[in-house]
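Here is a short briefing on one structure, written for a reader who has not seen it before.

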Amino acid sequence: WTRPLYSTLINLLAPAAAPETAARIISFVAGAFGILLAYGFLATALQSRTAALSSALLLALSYNHAVWGGFILSDTTGVAMLLVFLWIFFKYLNEEKRLAAFSDLVIGAFFIIVVSARYEYLVLALPLLYLVCTESVRPVERVATFFSAAIVALAAIYFFLHPFIIDSSAAARHFGSFADVPAFDAGWLWKFVRSDPLIAVLSALGFALMFRRNAERRVRRLGVFALSSVLLLGFFYYQTNPAMQRYYIHLVPFLLLPAGYGARAALRWIKEQKYFSRRYAATLTLVVALALQGSVSYQGLHKKDDGIWFLAGYEEIAAARIAPSVPPGELLVVSFPEPYFLATNNPTHSIADAPPYLYLPEHIFDAKEAFIVEDEGMRRVFPRFSAFVHDSLGEYSIARISLTAPFRYGGSRSMPTGDVVLYKIPLQTLRQKIENKRIEDTYEIDRTNSLLQ
């Protein structure tokens, strides 16, 4: 439910193509089309063809866009939809609009569609509101129009997709974990710089130029918008998983704004050089940098970790081995849903690592059994739920598979610490056992606190 747009597009293509083929087509088209969208976005935002062409070229050569866009995931779809939205948003940003203007209604509704591609894009509402309030002629009327259209669009999506309702206290506990800021590790930043050095260097140059004292007020505001968007999304992704490099792809659209501005300034500086030798040296340096960036992106993951990315992964092998033991249509509860869904085509859900662990509609709890796959991903990423399954559901184990394939997560690779275990349990029984475990844990905490006092 948190990323319904990609799966909805796959379903729309279902009559013409198999789900996996449809997913590949959508990812590829969204990634390729994103280059054109980047040009439109930057041409309207910076009002410069040079900056727009530079940014489109940077996106075309981007390692993160090229590599992670090749996976069957919602990332390139989200980036493409975001670029469409930014193009439309900046096109009408400075125009005088009255309450309920059609273009503003479209912008408000389309923002919710973008959020349906990647729910974390919701944090971009703050930088967008900043631009509307500082750049628009009638900011109050426009914000009211945006908000009204967004509410209607959200209600429509809710009505047609029938999402389940999450208990408010459970949601508060889950999202409350984002307040626990881990120690900052600059390694994730260095990974981005190393994989996309052109965007990193030019965006740093662009930010420096945007925030200089004699910069135009509008340019400085664009810098604030881009920087705040990067920081908000970056904080969200860092809190979620600082080792997940593919999340960087969602920062690229906002880095293109200062990168395009910096590229235009660099090209202008080269053009203004009076000495041929200096101009020639600068041009040659730029060409070599573009060639090196293209080479890095072209090689992609082929040579990374001895080519392991092009071998069958741990989850893919586990899913293929588990599939014969799961009847069609039965619910699968796993750590990483994608490989298990592709192997079985069954309803597949992941979990949270805090009670109640599993968020499902009530009618599914009443009628379904669950097949739980305790694999290495569950043990590493969801240790509390994995420990609960291992300690409390032993009697419901129906299959055990030994795997020797290495487990990859983030930038690490290690051998599995245990077998893949398949459990079959009625969902009502699972819910009761989770509740009993929660009560036991609460009792132990209270007892420990009493003893300490």
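How many residues does the largest nonpolar core have, and which of them have the most contacts inside it? It has 69 residues, and F85, F89, F90, Y121 and L257 have the most contacts inside it. This is a predicted model, in which local features need pLDDT of at least 70 and side-chain atom pairs count only at pLDDT 80 or more, while totals for chains, interfaces and linings use all residues. Residues are numbered from 1 along each chain as its sequence is written, and side-chain values use heavy atoms, with hydrogens and water left out.

**Nonpolar cores**

- A nonpolar core is a set of buried Ala, Val, Leu, Ile, Met, Phe, Trp, Tyr and Cys residues joined through side-chain atoms within 4.5 Å; buried means under 20% relative accessible area, with a 1.4 Å probe and protein chains only.
- Leaving aside neighbours within four places in sequence, Y121 is in contact (heavy atoms within 4.5 Å) with G78, V79, L82, F111, V114, V115, L233, Y237 and H250.

**Strands**

- Strands are DSSP runs (E, at least two residues), as helices are (H or I, at least four), numbered from the N terminus; two strands pair if DSSP finds at least two bridges between them.
- Strand β3 (residues 369–374) is mostly covered, with 5 of its 6 residues buried.
- β3 pairs with strand β1 (residues 331–333) in the parallel sense over 3 bridges, and L332 stands opposite F371 of β3.
- β3 also runs antiparallel to strand β7 (residues 420–426), joined by 6 bridges; here F371 has K424 as its bridge partner, and E374 stands opposite V421.
- Strand β4 (residues 397–401) is joined to β7 by 4 bridges, again antiparallel, with S397 opposite Y423.
- Because 5 of the 7 residues of β7 are buried, β7 is largely enclosed by the rest of the structure.

Notes. Buried < 20%, exposed > 50% of the residue type's maximum accessible area, 1.4 Å probe, protein only.
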